[in-house]
Amino acid sequence: MAITSANQLELLQTAEAVAREKMIDPDLVIQAMEDSLARAAKSRYGAELDIRVKIDRKTGRATFARVRTVVADDEFENHHAHLTVKQAKSYLADPQVGDEVTDEVPPVDLGRIAAQSAKQVILQKVREAERDRQFDEFKDRKGTIINGLVKREEYGNIIVDIGRGEAILRRNEKIGRESYRPNDRIRCYIKDVRREPRGPQVFLSRTDPQFMAELFKMEVPEIYDNIIEIKAVARDPGSRAKIAVISYDNSIDPVGACVGMRGSRVQAVVNELQGEKIDIIPWNEDQATFLVNALQPAEVSKVVIDDDAGKIEVVVPDEQLSLAIGRRGQNVRLASQLTALDIDIVTESDESARRQAEFNERTNLFTEVLDIDEMMAQLLVSEGFTNLEEVAYVELDELLSIDGFDEGTASELQARARDHLEAANIKALETARGLGVEESLIEFEGLTPQMVEALAKDGIKTLEDFATCADWELAGGWTTQDGKRVKDEGVLESFGVSLEDAQTMVMTARVMLGWVDPTELEASEEEAEEEDEEA
């Protein structure tokens with residue numbers, strides 16, 4: 001691609017050949033040539049000059065010109081590239097700042113080194129144009145399936161020819177241990193298309209859950225026509241997957257439509273995914289029902305949802321435990337991904353033992369503190385009383401509704417419960433003050449003496465300390481470490497403080513200290529209410 005001034009038509013021929021080969025606009029190649037010729041001319045005439053080159057698109061003739069810009073007197077720096085308004089009057093009738101004066105200069109004969117440098121500039125521009133063209137072509141195809149040919153393998157990554165460019169299938173995006181040879185046909189999901197300084201811009205995947213969803217869309221016309229919708233997908237690539245579907249036509253069974261006649265539709269997807277077993281599950285708005293479906297083929301006895309912790313406890317028959325969990329926890333893990341909830345699976349016998357332990361613990365509490373016999377304590381627990389606060393401050397009629405409880409007995413029980421709580425409060429406040437807790441925290445509305453004591457033992461002794469706490473530090477929460485959900489114990493979690501309660505108390509403390517403007521707090525609360533209404 002050597003450029004010489006002798007053969008002017010060679011410039012146009014070269015530009016057309018390169019543009020045709022790389023499938024880009026010939027004008028981009030000619031612009032690159034103009035830039036490279038201008039750079040070569042600057043090395044000849046001087047880098048301080050503003051040399052511009054224009055190639056005639058019909059004849060190929062290259063015109064070299066020196067351009068000088070009219071600038072204000074205080075901006076005049078380079079006499080090779082600048083003119084003052086006064087100097088420009090020799091060339092222009094009415095010069096203005098920003099006008100340009102152009103003088104043609106003799107063409108430059110490119111030597112071997114200059115020609116090689118120009119060639120490198122052109123190649124660089126062509127590569128950039130090629131990458132831009134590839135990005136523009138594939139950016140709108142992100143999230144779709146594409147067919148290609150395997151070109152080569154580099155460090156476990158597969159380079160795929162996708163027609164007008166190359167794409168990369170990374171090693172961790174392949175299913176299991178599948179391997180490919182050059183010229184093998186391959187079907188992939190376009191996971192991402194982005195600009196990169198070097199190398200491929202199109203990133204492919206065969207392990208992405210949406211790859212399976214797109215395969216079903218190709219095989220099941222009802223999904224393509226939006227009669228059936230895929231609501232959620234979870235995969236253990238190459239092994240097993242779960243897909244949740246819903247039909248918007250009551251006459252069409254979503255599961256049956258995805259399975260197809262004699263399993264033809266789902267089998268086509270299974271074959272593409274290297275034999276991956278697929279559970280097709282009917283989606284349901286009711287979270288518990290959906291989870292029961294998601295844990296198929298295991299049977300579920302009961303579902304207990306904990307909205308605050310964002311997790312679900314599932315009770316299964318003892319003989320169904322291994323089936324519900326699956327090999328290496330696969331079944332419950334996929335069900336968890338599908339429902340976006342943390343799932344705990346327990347057997348009926350374990351749940352029964354736990355319930356009995358809780359029953360005995362509460363019975364012993366009431367027996368010891370209220371000084372009543374075991375029969376009466378069991379009656380309280382059976383009626384749903386879990387702690388002394390409920391006994392002390394519940395309406396008297398609720399106690400009277402229990403068989404065998406008269407007004408005298410109920411009043412005596414409440415008096416004993418209140419006396420015990422009052423003594424415990426006094427002791428908790430003494431302990432808290434002994435640990436150095438300030439009165440501002442003790443008097444803070446919403447904190448009981450026992451809560452203040454717990455805060456003090458955790459090093460939170462002032463209103464300022466309390467205001468710097470995060471809501472999850474008080475109410476507890478869940479974090480993900482190494483792919484596993486880990487429980488963070490909250491200082492006030494044992495007192496039944498929710499994340500919402502903790503957030504309200506912390507923000508109130510910040511307002512009291514002047515850290516937060518109350519009007520901003522009200523505005524944020526109104527926005528939250530509006531979001532809840534929209535949801």
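Mentor: Let us begin with contact, which means heavy atoms within 4.5 Å. Helices (H or I, at least four residues) and strands (E, at least two) are DSSP runs, numbered from the N terminus. This is a predicted model, in which local features need pLDDT of at least 70 and side-chain atom pairs count only at pLDDT 80 or more, while totals for chains, interfaces and linings use all residues. Residues are numbered from 1 along each chain as its sequence is written, and side-chain values use heavy atoms, with hydrogens and water left out.

Trainee: What covers the buried residues of α11?

Mentor: The cover includes the strands β10 (228-236), β11 (240-247), β12 (277-282) and β15 (342-347), together with the helices α9 (287-294) and α10 (321-325).

Trainee: Why is helix α11 called largely enclosed?

Mentor: Buried means under 20% relative accessible area, exposed over 50%, and partly exposed in between (1.4 Å probe, protein chains only). In α11 (residues 330-339), 8 of the 10 residues are buried, and therefore the helix is largely enclosed by the rest of the structure. Among the buried residues are Q330, V332, L334 and L338.

Trainee: What makes T207 buried?

Mentor: The relative accessible area of T207 is 15%, and the limit for buried is under 20%. T207 lies in the loop between β9 (202-205) and α5 (209-219). Not counting residues up to four places away in sequence, T207 touches N172, E173, K174, I175, R235 and P237.

Trainee: What makes the link between the side chains of T207 and E173 a polar contact?

Mentor: A polar contact is a pair of N or O atoms within 3.5 Å; within protein, one must be able to donate a hydrogen and the other to accept it, and residues adjacent in sequence count only if both atoms are side-chain atoms. The contact between these two side chains is at 2.9 Å.

Trainee: How do you know that V70 is buried?

Mentor: The relative accessibility of V70 is 0%, so this residue counts as buried. V70 belongs to strand β2 (residues 62-71). V70 and V97 are 27 residues apart in sequence, yet their C-alpha atoms are 5.0 Å apart in space.

Trainee: Why does one side of β10 and of β12 have no neighbour in the sheet?

Mentor: Two strands pair if DSSP finds at least two bridges between them. The open sheet has 3 strands in the order β10-β11-β12, with mixed pairing. Since β10 and β12 stand at the edges with a single partner strand each, one side of each is left without a neighbour in the sheet. Between β10 and β11, which run antiparallel, there are 8 bridges. In this pairing, A234 stands opposite K242 in β11.

Trainee: Why is the pair F444 and F466 called tilted?

Mentor: Rings of Phe, Tyr and Trp (its six-membered ring) pair if their centres lie within 6.5 Å; planes under 30 degrees apart count as stacked, over 60 as edge-to-face and the rest as tilted. The ring centres of F444 and F466 are 5.4 Å apart and their planes are at 55°, so the pair is tilted. F444 and F466 are both buried.

Trainee: How do you know that the charged end of K231 sits over the ring of W283?

Mentor: A charge sits over a ring if NZ of Lys or CZ of Arg is within 6 Å of the ring centre and within 35 degrees of the ring normal. The charged end of K231 is 4.5 Å from the centre of the W283 ring. Likewise, R194 lies over the face of F203, at 4.2 Å from the ring centre.
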